[in-house]
Amino acid sequence: MNNSIKSKSDYLSEKQLSKNRLFYIAEAGIEYLISLLITDAFLALLLTSNGVPDSAAGIITELAAFAFSAQLVSVFFRKRKGMKSFITMLHLINQVMFVLLYFVPVINLPSSVKVVLIVVMFLGGNLIANVVSPYKISWFMSFVDDNQRGRFTANKEIVSLAAGTVFSMTMGSISDHYKAIGKDDVYFSICSVTILILAILHMLSIILVKDVKDDASGDEQHVKFSVALKKTFSNKALLALILMDIIWQFGSKMSLAYYGVYKNNDLGFSMKYIAFLSLLSAVSRIAFSRYFGKLADKYSWKRMLCICFCIAGLSFAVNIFTVPSNGKVMFAIYSCIHAISMAGINSGLMNIIFDYVPTDDRAPALGIRTALGGVSAFVSTFAGAFIVHTVQERGNVVFGMTIYPQQILSLISTVFCVGVVLYMVLVVEKLKK
């Protein structure tokens, strides 16, 4: 076990550590359910229903990626005590903002004002969530043995995905019902109440965790930003991993940011069918989560990530050929393949950091990696917006052929995936712990 686990074990019994891990699984699952209502097609529906064009909707969607920059707070503020209270309070605030996000459309206000309020609530909620994220992950993972991180992370994802599948199907059916009878405002109100209930449950999942008492060694540290960056960036292995994440985020989010509006508008999927795609994705991801977790524990996170980036490239390649005439089949194939890749990528990007960074520096390392990756993803959406706007202005005709902007974006993402795989082989595979 690492030093953090040993210190926890000195104060907490294995039974209590096991309970804490279960609370972490519950916390992650509930947070995932909330995230489903503020991402992808659900968010796209909220935006387009309030008069936001496709190109702008993609940029607003990826404000969540820009909000990752808030994780830089963890670089110069090394919080060591009162962690549970800190995490609980900030999460409560951010989730109240998400409640208000869905409450805005039912208020009698001009459309332009509603859009501004939606953006403020969406960005504000994501900024606060990202301030707390590195501390929360590092704190919760301190209850997990380093040798079991792969399998534990897989189990955590499986629970989240299983619950998310049922949740997506239910909310998708509710959305289609109220959209069919012209009462979107009722659906938005239901979403607001649902997030409120989930926020309360999420807060309880953190409060119930039992931690060791703070001691004198747990004083807060306020580090000069320049000093913190110098210390963090002196770790050459971490720099290599950060660049890997930047390449991946830029290439993948350029497409992912615009798939939501593609499904809703051009491909003409109902919210129920979109929820069905979520079901397919969840089943595919669940089927491979434990496999990739065991693979990482047995060999390395590096090898597992390399395999998953190859699979991600294949998924984007499928969408190069996805058009309205074959959309239901091709997008379903893409969803399954991409979900398989994410069964390893999501956990891998976090856990590989733990292999190269000392325990006390994990939160700031996660913060920097996620922040720079998020900024990279956000910047990529402007390139995506330009392509979407330009192609749509020409009536989706390129070189005399009917081509949708998402097909072009998928091609670019495929090329970037090839690039990140080559980077893994030539650079990351040579790193030593």
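The model is predicted, so local features need pLDDT of at least 70 and side-chain atom pairs count only at pLDDT 80 or more, while totals for chains, interfaces and linings use all residues. Residues are numbered from 1 along each chain as its sequence is written, and side-chain values use heavy atoms, leaving out hydrogens and water.

**Helices** (DSSP runs of H or I, at least four residues, numbered from the N terminus)

- Helix α9 (residues 149–180), with 32 residues, should span 46 Å, and its end C-alpha atoms lie 45 Å apart, which agrees.
- Glycine 182, with a positive phi near 70 degrees, follows α9.

**Surface**

- Leucine 201 sits in helix α10 (residues 184–207).
- Leucine 201 is partly exposed because its relative accessible area is 42% (buried is under 20%, exposed over 50%, partly exposed in between, with a 1.4 Å probe and protein chains only).
- A nonpolar surface patch includes Leu201, Val193 and Leu208, and its members together have about 690 Å² of accessible area.

**Cysteines**

- The structure holds 0 disulfides (pairs of cysteine sulfur atoms within 2.5 Å).
- Cysteine 306 is in no disulfide, and the nearest cysteine sulfur, that of cysteine 310, is 5.1 Å away.
- Cysteine 306 counts as buried because its relative accessibility is 13%.
- Cysteine 191 is also buried, at 0% relative accessibility.

Notes:
Patch = residues over 30% accessible without salt bridge, like charges linked within 9 Å, V, L, I, M, F, W, Y side chains within 5 Å. Areas by Shrake-Rupley, 256 points an atom, 1.4 Å probe, with all protein chains shown as cover. Salt bridge = Lys/Arg side-chain N within 4 Å of Asp/Glu carboxyl O. Helix = DSSP H or I, 4+ residues; strand = E, 2+ residues; numbered from the N terminus. Expected span 1.5 Å × (residues − 1).
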